[in-house]
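The entries follow the order in which I looked things up.

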Amino acid sequence: MESTRLLQAIIETAIDGIITIDSQGKIENLNPSALKIFGYREEELIGKNISVLMPEPDHSRHDGYLLRYQQTGEKKIIGKGREVKGLRKDGTQFPFRLAVSEVQLQDRVIYTGFIHDLSKEKEAEEFLKKYTGELEDLVEKRTKSLQEMLSALEKAKEEANLSLEKEKELNRMKSRFVSMASHEFRTPLSSMQLSVVLIEKYLQLADHSQILKHLHKIKNAIAGLNGILNDFLSLEKLEAGMVTPAYNEFDIIKFSEELVEEMQLITKDNQIIIYQHTGVENLVNLDQNLLRNCLMNLISNAIKYSGENTLIEFCTEINKEYYLMTVKDNGIGIPEDDHAGLFQPFFRAHNIGNIPGTGLGLNIVLRYVNLMNGNIDFNSEPGKGTQFTLSFTRK
């Protein structure tokens with residue numbers, strides 16, 4: 001009796017569906033998982049032909065499968081699992097893996113079907129295919145943009161009457177650009193390639209947590225690639241003189257709160273961005289897009305160069321003379337020897353280790369701030385963090 005109760009408990013709590021039918025194909029027993037998968041109550045199915053759970057053509061052919069097996073021994077459904085379609089009560093179809101066992105009792109034969117719902121695995125496969133296709137399109141488009149940018153650099157070098165020193169500097173910048181771009185692209189692409197391989201493995205194991213983990217890695221890698229390419233394209237527009245401030249009046253508090261909400265999505269574990277406004281006024285007259293790019297870059301750096309379980313302070317202030325924006329972190333800080341070159345294109349501090357980046361962000365911020373006739377100041381100490389302050393004279 002104890003072993004019978006144990007067997008019944010196992011069947012009742014099994015994750016996969018279990019259905020037993022008689023030799024005529026009529027349903028005798030279903031476990032709770034089977035009822036949940038197909039969306040029925042037990043009394044709706046007991047005594048019904050199993051074909052009620054099958055879409056066409058299996059619905060019409062199932063009795064023939066069973067009869068043929070009983071007469072000829074041809075195993076159409078008996079044996080190891082195969083992928084088939086199921087029909088829920090609400091009329092929707094779904095894929096599942098079916099394994100059927102024949103059980104010989106004393107006076108009759110019954111058949112037990114084991115049902116593993118494949119819906120989530122199929123959704124993950126489709127998501128991965130779509131994501132991979134979008135990634136390939138993105139890389140192709142961005143690669144074309146980079147090639148055009150390199151061609152423009154070559155053309156500028158050929159057409160401009162540069163002094164020997166300026167030509168050498170252009171070559172140095174081009175070399176740094178190619179080296180940096182190669183490294184910054186190779187790392188996320190390798191990460192995505194590995195994640196795709198691991199997702200394929202975990203799909204076979206139906207390990208959803210690992211699948212989601214690696215899909216998240218792919219999303220982060222794509223976001224990183226987009227950031228890199230946006231830096232390149234912003235620099236190209238600045239160099240071509242295509243950026244002109246478009247001033248308009250807007251609510252700095254609402255603007256900042258929306259920015260913080262967006263940036264909080266890319267923080268590390270337990271990183272919190274705290275926002276505070278000082279002053280009774282809330283309207284500023286600046287280029288909203290340029291200011292947004294500046295602050296996104298500074299907050300992104302604060303996130304990148306600070307550890308988990310840290311606070312990032314973002315403050316705005318309106319006084320009689322200035323609009324002020326401050327971003328402060330308690331991250332790795334910037335060595336004093338690197339302060340002088342901090343706003344130079346492609347420059348990166350010597351203590352960043354393997355933290356990715358283009359070395360263009362602060363140069364772009366400086367140039368956007370200058371376009372709006374503002375100033376940028378900073379103070380930093382290694383191991384204690386960094387603070388950047390943007391200031392704009394009120395008009």
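Which residues have the most contacts inside the largest nonpolar core? Before answering, I noted that this is a predicted model, in which local features need pLDDT of at least 70 and side-chain atom pairs count only at pLDDT 80 or more, while totals for chains, interfaces and linings use all residues. Residues are numbered from 1 along each chain as its sequence is written, and side-chain values use heavy atoms, with hydrogens and water left out.

**Entry 1: the cores.** I took a nonpolar core to be a set of buried Ala, Val, Leu, Ile, Met, Phe, Trp, Tyr and Cys residues joined through side-chain atoms within 4.5 Å, where buried means under 20% relative accessible area, exposed over 50% and partly exposed in between, with a 1.4 Å probe and protein chains only. The largest such core holds 43 residues, and L286, L291, L295, F314, M325, L390 and F392 are those with the most contacts inside it. Elements that each supply at least two of its residues include α9 (288-304), β9 (311-318), β10 (322-329) and β12 (385-393); the largest share, 8 residues, comes from α9. Helices (H or I, at least four residues) and strands (E, at least two) are DSSP runs numbered from the N terminus. A second, separate core has 23 residues, I21, I27, I50 and V84 among them.

**Entry 2: L390.** Next I listed the partners of L390, with contact meaning heavy atoms within 4.5 Å. Leaving aside neighbours within four places in sequence, L390 is in contact with residues including L291, L295 and L298, as well as Y323, M325, V365 and V369.

**Entry 3: the strands around β10.** I then checked β10, which is mostly covered, with 6 of its 8 residues buried. Two strands pair if DSSP finds at least two bridges between them. β10 runs antiparallel to β9, to which 6 bridges join it, and the two form a hairpin with 3 residues between them; T316 has M325 as its bridge partner in β10. β10 also runs antiparallel to β12, here with 8 bridges, and the bridge partner of Y323 in β12 is F392.

**Entry 4: β1.** Is β1 enclosed or open to the outside? I found that 5 of the 5 residues of β1 are buried, so this strand is largely enclosed by the rest of the structure. Both faces are covered, with G17, I19 and I21 on one side and I18 and T20 on the other. β1 pairs with β5 in the antiparallel sense over 5 bridges, where I18 has F114 as its partner, and with β2 (residues 27-30), also antiparallel, over 3 bridges. I19 stands opposite L30 in β2. The hairpin of β1 and β2 has 5 residues between the strands, and G25 takes a positive phi near 90 degrees there.

Entry 5: On a 1 Å grid over the protein atoms alone, a cavity is a set of points where a 1.4 Å probe fits but cannot get out, and lining residues have an atom within 4 Å of a point. The largest cavity has a volume of about 310 Å³, volume being the space filled by probe spheres set on the points. Of the 22 residues that line it, I50, M54, H62, L98 and V100 lie nearest its centre. The lining divides into 16 nonpolar, 3 polar and 3 charged residues; here Ala, Val, Leu, Ile, Met, Phe, Trp, Tyr, Cys and Pro count as nonpolar, Asp, Glu, Lys and Arg as charged, and the others, Gly among them, as polar.

Terms used
1 Å grid on protein atoms, 1.4 Å probe; cavity = no way out; pocket = protein on both sides within 12 Å on 5 of 7 lines; lining within 4 Å.
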